[in-house]
Amino acid sequence: MSQRYKVYVTRRIPDPGTQSLTSSCDVTFWDSDDAIPREELLKNVKGMDAILCMLTDKIDDEVLEHAGSQLQVVSTMSVGYEHIDLQSCIERGVAVTNTPNVSSDSVAELTVALVLLTARRLLEGAYAVKNGEWGKWKPMWLCGVEMKKRTLGIMGLGRIGYGVAKRMKPFGVDRIIYHDVQKLSFASDFGGEFVDFEDLVKESDILCICCNLNPQTKHLFNKDAFQKMKKSAILINSGRGGVVNHDDLFEALKSNQIAAAGLDVTEPEPLPVDHPLLTLNNCVILPHMGSNTWESRNLMAEIAAENIKTILNKGHPQGEVVKRLAA
Ligand code: DGY
């Protein structure tokens, strides 16, 4: 790149991303591990050719307007891009890129961990030890369920859903069923059966939500869905919080309509500490840490940076959500 383009990065990011950008661009960072306040974002993007953002930054028409007409690309350091107003980007000829592939393994691993954490009541056990509640061995204390002979349901058979199915199969699950917009040929790798949404909720013993958030999936898991689920069912969500109606989930868990839930994503994030779900023993909540591995985060930062350079060089980036209209 002969011209030194101006790039705004909305957070401190892992070194591979920083190094990639600073070698050839004039980079300004929001020098913090915490999210940039909206006013600072609006002020600081002015005159930038590219913005590298996080999933916590709302990139809407106002941000694009403040940046100016020279803005060429919004590159998010995430797979999800529901925080970006794609329509405004299209209208303004701004490219949008994301970081697919690199976090599929870390999120799939976390999802399986959350299944076991929830099904085997491991967090309750760890707290019991800390709180001095570990007495003599009891035959029926903190009993959970095994995976063997269960039906595993996957909502959204993308890379993460696929990774979860492949990892869960060796635990001896009996059936793996999935629902997606269509039947997918690669499900045959683990003997996956395509089912409609109704059968997915009715038949799953463990149901993992691995889909993204869009108008079709918003609050798909609601009172109606929970009423159809088995009383013994365990719901896991590592997709997006908005796919689940949390008020309905609270009622379903409290009334034992379903057995338990493990959530890595919530609505909103962060979940307020006084949220009713946090009062339940049968609900395990993690702070959206699916891709929290150095392997994933280093690569996510590097790819988000490389995507910017590729777009500025008129090339084809790895995760092209919206193509830049020719200037
Ligand atoms: C993503 O990349 O969208 C993840 O949710 C972040 O972990």
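Contact is defined here as heavy atoms within 4.5 Å, and helices (H or I, at least four residues) and strands (E, at least two) are DSSP runs, numbered from the N terminus. The structure is a predicted model, in which local features need pLDDT of at least 70 and side-chain atom pairs count only at pLDDT 80 or more, while totals for chains, interfaces and linings use all residues. Residues are numbered from 1 along each chain as its sequence is written, and side-chain values use heavy atoms, with hydrogens and water left out.

An open sheet of 6 strands is arranged in the order β2-β1-β3-β4-β5-β13, and its pairing is mixed; two strands are taken to pair if DSSP finds at least two bridges between them. At the edges are β2 (26–29) and β13 (320–322), each of which pairs on one side only. On average, neighbouring strands of this sheet are turned by 20 degrees against each other, direction ignored. Within the sheet, β3 (residues 50–53) and β4 (residues 73–76) are paired in the parallel sense through 4 bridges, and Ala50 has Val73 of β4 as its bridge partner.

Two helices lie across strands of this sheet. Helix α1 (residues 15–22) lies across β1 (6–9), β2 and β3 and runs at about 140 degrees to β2; axes are lines fitted to C-alpha atoms, for helices over the stretch in contact, and angles run from 0 to 180 degrees between N-to-C directions. Helix α11 (residues 294–312) lies across β1, β3, β4, β5 (95–97) and β13, at about 160 degrees to β4.

A second open sheet consists of 7 strands in the order β8-β7-β6-β9-β10-β11-β12, with parallel pairing. Its edge strands, β8 (193–194) and β12 (283–285), each pair on one side only. Strand β9 (residues 206–209) is joined to the parallel strand β10 (residues 234–237) by 4 bridges, and Cys208 is partnered by Ile236 of β10. Helix α10 (residues 246–254) lies across β10, β11 (260–263) and β12, and its direction is at about 145 degrees to β11.

Strand β6 (residues 151–155) contains Thr151. This residue is buried, with a relative accessible area of 8%, where buried means under 20% relative accessible area, exposed over 50% and partly exposed in between (1.4 Å probe, protein chains only). Beyond residues up to four places away in sequence, Thr151 touches Arg175, Ile177, Glu203, Ser204, Asp205 and Ile206. In helix α7 (residues 159–168), the residues Gly161, Gly163, Val164, Ala165 and Met168 are buried. The cover over the buried residues of α7 includes α5 (104–119), β6, β7 (175–179) and β9.

Ala259 is placed in the loop between α10 and β11. Its relative accessible area is 30%, so Ala259 is classed as partly exposed. With residues up to four places away in sequence not counted, Ala259 touches Lys231, Ser232, Ala233, Leu253 and Asn282. Ala233 is 26 residues from Ala259 along the chain, and their C-alpha atoms are separated by 5.4 Å.

Helix α6 (residues 122–130) includes Val129, which is partly exposed, with a relative accessible area of 46%. Together with Trp134 and Trp141, Val129 makes a nonpolar surface patch of about 350 Å². Patches are made of residues with over 30% relative accessible area and no salt bridge, with like charges joined within 9 Å and nonpolar side chains (Val, Leu, Ile, Met, Phe, Trp, Tyr) within 5 Å. A salt bridge is a side-chain nitrogen of Lys or Arg within 4 Å of a carboxyl oxygen of Asp or Glu. Accessible areas come from the Shrake-Rupley method with a 1.4 Å probe, and for residues only the protein chains shown count as cover.
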